[in-house]
Structure formats: structure tokens, C-alpha cells
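Please look over the sequence and the model before reading on.

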Amino acid sequence: MGMAFGIILVKAEVLSWFRIQEMFAFQSIHMYGIIGSAVIVGAISVWIIKKMKARSIEGNVIEIPEKAKLFVSPYVGGTIFGLGWAMTGACPGPLYALIGSGTTIMILSVIMGILGVLAYAQLRDKLPR
Amino acid sequence: MNEFIEWLSNPWPWYVSGPIIGLMVPLHLILLNRTFGISSSFRHACAAVIPNKLPFLQYDWKSEIWNLIFAGGILIGAFLAAQFLSNGEPIALSQAAIERMNRFGITDLSGQHPNQIFSWELIGTWKTLLFVVVGGFLVGFGTRYAGGCTSGHAIMGLSHFQLPSFIAVLGFFTGGLLMSWGILPLILS
């Protein structure tokens with residue numbers, strides 16, 4: 001499934017710095033169309049799974065956990081991520097895909113991302129939630 | 001058959017790739033009994049690799065190993081797509097985007113990522129270091145602080161109508177627009 005997702009990320013061009021800049025400059029529907037149609041398919045799927053009380057292949061009824069009811073951290077953290085997204089031109093999935101598809105320098109971004117988690121773990125108690 | 005291979009080799013339009021990406025939501029729920037999200041793999045890698053006593057990193061990361069396997073799969077899949085399913089053409093950006101790139105001094109629009117920034121030969125330049133190193137750090141720090149990235153918040157979270165995810169997406173665009181309109185032109189000019 002990861003491999004399928006890797007192929008899609010390349011074919012959809014969502015791992016491209018060019019596409020990300022184009023998105024933030026509102027110069028093409030491409031990225032908005034992808035995220036928007038993905039959310040529509042995802043939302044219909046979630047609705048059906050809940051409606052049917054569908055089971056996973058392990059046999060238990062699927063329960064989708066709610067995101068923690070926090071509002072400061074999604075916004076502030078999201079803004080920090082957004083800055084990084086526009087710089088690297090990639091969110092975490094595309095970072096892996098870029099390494100695979102030949103832009104191997106992004107391995108440094110993944111290492112720095114892991115160190116970013118470490119820094120967050122250090123500061124977590126001091127940050128507003 | 002040849003036509004099919006040719007179709008595969010061209011980039012897919014958004015109305016094909018978007019819905020397929022959306023299918024990652026039910027596939028994760030049904031096959032893995034997990035919610036879709038990729039940025040957690042940074043946390044698991046951090047917990048697995050870096051010895052520490054931080055409470056945020058003291059958990060059973062081995063039970064979340066599927067997330068790291070998924071990340072490895074992305075890498076292999078992208079390799080296969082780039083090797084066997086690519087036509088090598090530059091990305092068909094809009095004319096406005098091409099002109100904006102040229103204003104930034106980015107004239108080489110071949111490949112997926114600009115070779116004029118993201119290549120090993122330029123590792124000694126401050127621009128490349130800034131984009132790769134600082135950018136990567138902000139992605140790791142920001143996604144963990146926000147509790148998710150484009151997959152976990154924007155796609156999974158919005159599909160599940162989670163208010164924090166909507167706020168996180170507003171944050172993604174606050175940061176992205178600030179960088180793309182405010183800071184990037186300064187760095188690249």
C-alpha cells in the first residue's frame with residue numbers, strides 16, 4: 001500500500017516544489033483539485049464505514065478516533081509546518097517519495113524532520129496547546 | 001496495452017490522482033485499522049533511533065511499525081514510478097507559475113524539484129542549506145506540534161469533519177502563504 005501511494009505521489013506531481021509554489025500563488029487548480037477530491041472520496045468513505053458499522057479485516061468494528069480538541073497547537077504548529085512545506089516543497093509523504101524518485105538530497109530534510117520532532121519533544125511542556 | 005503504458009507514463013490529471021489518494025482513508029481503516037497519516041513516522045523514527053528519556057518519545061513505537069513500513073513503501077513506489085512510469089517531460093505548470101519561477105531566477109524547470117536549489121552539488125550554498133535543512137526541521141517540528149500533516153489533518157481529518165484539522169489546514173496555508181509571498185521572494189531575489 002505504501003508502494004502504491006509512492007507511485008501516486010509521483011504521478012500526481014504533488015511532490016513537486018514547482019507544484020507547491022504554484023498552489024500557494026493560486027496559479028493552478030491542480031493541487032486544490034487533488035486535495036479537494038481526495039477529501040470528498042475520504043469523507044464519503046468515512047460516512048459509509050460509520051453507517052455500515054464496517055469491520056476491519058481483523059474483524060472488529062472500525063472506530064475512528066477523534067482528533068484532540070485543541071485549537072492553538074493545530075494553528076501554530078500548522079503555521080510552522082506550512083513555512084517548511086513551502087520551503088522544501090514537500091510534506092512528509094512526498095519527502096520519502098522524493099528520495100525514492102531521485103532527489104536524494106531530501107534525505108537531509110527527513111533527518112532534520114526527525115530532529116524537529118526531538119526538539120518538539122524537549123519543548124512540549126512549555127508550548128501553548 | 002501500449003496505449004495503457006503510455007497513459008500510465010504521462011502525469012495523471014488531478015481528478016484521477018485526487019480520488020485515488022482519497023481511497024487511502026478507507027484502505028487504512030479497513031486493512032490496517034488505523035487512521036491515514038504519515039508525519040507520525042518521523043516521531044516513530046525519532047523514538048526508535050535517538051536514545052532519550054523524553055515522555056513524548058517513551059511509547060511502544062514497535063506497535064506502530066506499519067507506519068514506518070508504509071514510509072519505506074512510498075520510497076520504493078516512487079523509485080519505480082520515476083524509473084519505469086515517467087516520460088521525463090517537465091511538469092506542465094501554468095503559464096503564470098512559469099513566469100513567476102523565472103522572476104525568481106529559476107529557469108531550469110525540468111524534473112520534479114528545481115535542480116537549481118535541491119542538488120548535492122549546491123550543498124555548500126546557504127540557500128540550499130536553508131531550504132533543505134531548515135525546511136525539513138520546520139516540517140518535523142510543525143507537524144508534531146500540530147498533530148498531523150497534509151495526510152493526517154487535511155485528508156484524514158477533514159474527511160472525518162474534525163474542527164482541529166480544519167484549523168490546522170488554516171495554519172498550513174498561513175505558513176505557506178507567508179513563506180511563498182513574503183520570505184521566498186526575499187531569499188530568491
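Why does the largest pocket lie between domain 1 (1-86) and domain 2 (117-189) of chain B? In this predicted model, the answer rests on the lining: both of these domains of chain B give residues to it, so the largest pocket lies between them.

The contents of that lining can be followed in more detail. The space in the largest pocket amounts to about 770 Å³. Its lining consists of 35 residues, and those closest to the centre of the pocket are K67(A), T35(B), S40(B), R144(B) and G147(B). Several helices take part in the lining. From chain A, α4 (72-88) supplies at least two residues. From chain B, at least two residues each are supplied by α4 (40-49), α5 (65-84), α7 (126-146) and α8 (150-159). The largest share belongs to α8(B), which provides four residues. Sorted by class, the lining of the largest pocket holds 14 polar residues, 13 nonpolar residues and eight charged residues.

By class, the lining of the second largest pocket comprises 14 polar, eight nonpolar and three charged residues. As for its position, domain 1 (1-86) and domain 2 (117-189) of chain B both contribute to the lining, so the second largest pocket lies between these domains.

How many helices and strands does chain A have? Chain A contains six helices and zero strands, and along the sequence its pattern reads α-α-α-α-α-α. The radius of gyration of chain A is 17 Å, whereas the globule rule gives 14 Å for 129 residues; because the value is well over that figure, chain A is more spread out than a compact globule. Along its principal axes, the C-alpha trace of chain A spans about 45 × 40 × 30 Å.

Two further values describe the interior of chain A and its contacts. Of the 129 residues in chain A, 63% are buried, where buried means under 20% relative accessible area. Among the contacts in chain A between residues at least 6 apart in sequence, 38% connect residues that are at least 24 apart.

Key. Residues are numbered from 1 along each chain as its sequence is written. Chains are lettered from A and ligands numbered from 1 in the order in which they are written. This is a predicted model: local features need pLDDT of at least 70, side-chain atom pairs count only at pLDDT 80 or more; totals for chains, interfaces and linings use all residues. Side-chain values use heavy atoms; hydrogens and water are left out. On a 1 Å grid over the protein atoms alone, a cavity is a set of points where a 1.4 Å probe fits but cannot get out, and a pocket is an open set with protein on both sides within 12 Å along at least five of seven lines; lining residues have an atom within 4 Å of a point. Grid points are joined across faces, edges and corners, and a volume is the space filled by probe spheres set on the points. Ala, Val, Leu, Ile, Met, Phe, Trp, Tyr, Cys and Pro count as nonpolar, Asp, Glu, Lys and Arg as charged, and the others, Gly among them, as polar. Domain bounds come from an automatic or database domain assignment. The radius of gyration is taken over C-alpha atoms; the globule rule is 2.2 Å times the number of residues to the power 0.38. Buried means under 20% relative accessible area, exposed over 50%, partly exposed in between (1.4 Å probe, protein chains only). Contact means heavy atoms within 4.5 Å.
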